[in-house]
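Visitor: I'm new to this one. Can you walk me through it, a piece at a time?

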Amino acid sequence: MVLALYNLILTFLALLALPVVTVVLLLRPRYRLGLRQRLGFLPEEVAQRFATQAPLWVHVPSVGELLATRPFLHALKQAFPTTPILLSYLTPTTYETAHEKVSEAEAIIYFPLDHPWIIARVLRRITPRAVLFTETEMWPNFLATLHQQGKPTILVSGRFSTRASSRYRLLSPLFTPIFRHLTRSCMQTQADADRLIQAGASSAHVVVTGNFKVDGVAKEGAQGQKILVTLGMADRILLIGASTHPGEETLLLNIFRRLRESVPRLLLLLAPRHPQRFAEVEQLLKVGGYRYHKRSQPVNFTPTEVEVFLLDTLGELVSFYPGAALTFVGGSLGKGPGGHNVIEPALASVPVCFGPYTRNFSTVVEELLRDGGGFVVRDEDSFYQQALPLFIDEKRRQEVGARAFAVIQRGQGAVERTLAVVRNVIESPCTRNTCNT
């Protein structure tokens, strides 16, 4: 009854928004990418590929989750070598990254809009063996339909923050049954598990397996060093501004100039979170009079002249962490984004700093602060005072980096633990979700 009311409201709002959506689609061509798939019209080759064989459907909403899930996808393919993998995503950026970085998936599609007519159309063409989804991607119609069909639904590397808990609580009549009917929920931390159970999930179906991002390995570290060698900048002391948002680049640029007075070999690498901001950040560099080089452009400079390296490509940031002296992780100075991945630089034994708003990685951040592997940046002065000793004292820098790595190392094994749960569910003789206890 509640789901029917939700769909009625959803249909009404969709019709109401149709004129605005039409204008936006006309003015923003990028928003039209994958629109047919989002409306349930799958590419014919995809439908034919899965007409006779049920895939393992893995949904990852964004680039960050996709890159973090790669070790799990590899392990999943090894565990089920004869079962094809279907990968779905939400954004064009993730689409591009998936095609470039993921070889385990037989097909990659845009995730359909969560309307009953669209979901029904897609699930008529594709009958998944099981659906695995990351973080907290809860789509009521999709999950309810899969439950009705007796298809296993497994949340992997699940996160359920206090903010998400509050948001879902407002719609508890709709989502409580969805949480309860999940076959398994493999959560990142005990706090995530407790909040999901409080929201309605069965405690018998919730298990703590860890965070995929902790199991990531900087396999591309050599690639980052090769790039710096090619550019003639391998001997520079590297400060990385990772996944930055508006305002954070300005802070980093200001502190960079202060630090360079004491550390003349310092190089700032800026990696904005969103590709659409590459031009905006470049304009900041131009207006500020910084000598910079973009990763996407040919080498036409003297290495010592470059102050800022603008990483205007996707999927390469992690490869630069092993060569960094310090990494600032963005999305953390303002309340909105909630902070980005502090795990990857720590995993590379790099000291990590971040703003005060890190709810997305609160548990890891607490451990980094407690064990001395990272510090909080609130303004330019606090950044300068805590960062300068790390740049001028290599031994101290290595000690802090080792502490950061130790924090991450303690939590490794998430892929292996999650895969064990997934195998148990998929290989179970039961087909209905209620059997998998």
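This is a predicted model: local features need pLDDT of at least 70, side-chain atom pairs count only at pLDDT 80 or more; totals for chains, interfaces and linings use all residues.

Visitor: How many bridges join E8 to E12?

Guide: Five, and the two strands run parallel. E8 covers residues 237–244, and E12 covers residues 324–329. For one spot to look at, find alanine 242, which stands opposite valine 329 in E12.

Visitor: What about serine 243, what is its phi?

Guide: Positive, at about 50°, although serine 243 is not a glycine. Most residues other than glycine have a negative phi. Serine 243 lies in strand E8.

Visitor: Is serine 243 buried or exposed?

Guide: Buried, because its relative accessibility is 12% and the cut-off for buried is under 20%.

Visitor: Where is serine 157?

Guide: In strand E5, residues 153–158. Serine 157 has a positive phi too, near 50°, and it is a residue other than glycine. At 4% relative accessibility, serine 157 counts as buried.

Visitor: New topic: H8. Which residues are buried there?

Guide: H8 takes in residues 162–169, and Ala164, Ser165 and Tyr168 are buried. Seen down the axis of H8, the buried residues fall within an arc of 100°, so they line one face of the helix.

Visitor: Which residues are exposed on the other side of H8?

Guide: Thr162 and Arg169. As for the buried residues of H8, what covers them includes helices H9 (172–180) and H10 (190–198).

Visitor: Now E2. How many of its residues are buried?

Guide: Five of the five, across residues 85–89, so E2 is largely enclosed by the rest of the structure. In a regular strand the side chains alternate between the two faces of the sheet. Both faces of E2 are covered. Ile85, Leu87 and Tyr89 are buried on one side, with Leu86 and Ser88 buried on the other.

Visitor: How does E2 pair with E1, and over how many bridges?

Guide: In the parallel sense, over four bridges; E1 is residues 56–59. Tryptophan 57 has leucine 86 in E2 as its bridge partner. Between E1 and E2 the chain passes through helix H4, residues 63–79, and this β-α-β crossover is right-handed.

Visitor: And how do E2 and E3 pair?

Guide: In the parallel sense, over four bridges, with E3 at residues 107–110. Tyrosine 89 finds its bridge partner in tyrosine 110 of E3. From E2 the chain crosses through helix H5, residues 92–101, to E3, and this β-α-β crossover is right-handed.

Visitor: Last one. At what angle do H16 and H17 pack?

Guide: About 110°, with their axes 5 Å apart. H16 covers residues 380–392, while H17 covers 394–410. The two helices are therefore roughly perpendicular to each other, as angles from 65 to 115 degrees count that way.

Visitor: Which residues meet there?

Guide: From H16, Pro389, Leu390, Phe391 and Ile392. They meet Glu394, Arg396, Arg397 and Val400 in H17.

Notes. Residues are numbered from 1 along each chain as its sequence is written. Side-chain values use heavy atoms; hydrogens and water are left out. Buried means under 20% relative accessible area, exposed over 50%, partly exposed in between (1.4 Å probe, protein chains only). The arc is that of the directions from the helix axis to the C-beta atoms. Contact means heavy atoms within 4.5 Å. Two strands pair if DSSP finds at least two bridges between them. A crossover is right-handed if, with the strands pointing away from the viewer, the path from the first strand over the helix to the second runs clockwise. Axes are lines fitted to C-alpha atoms, for helices over the stretch in contact, and angles run from 0 to 180 degrees between N-to-C directions. Angles under 35 degrees count as roughly parallel, over 145 as roughly antiparallel, 65 to 115 as roughly perpendicular and the rest as oblique.
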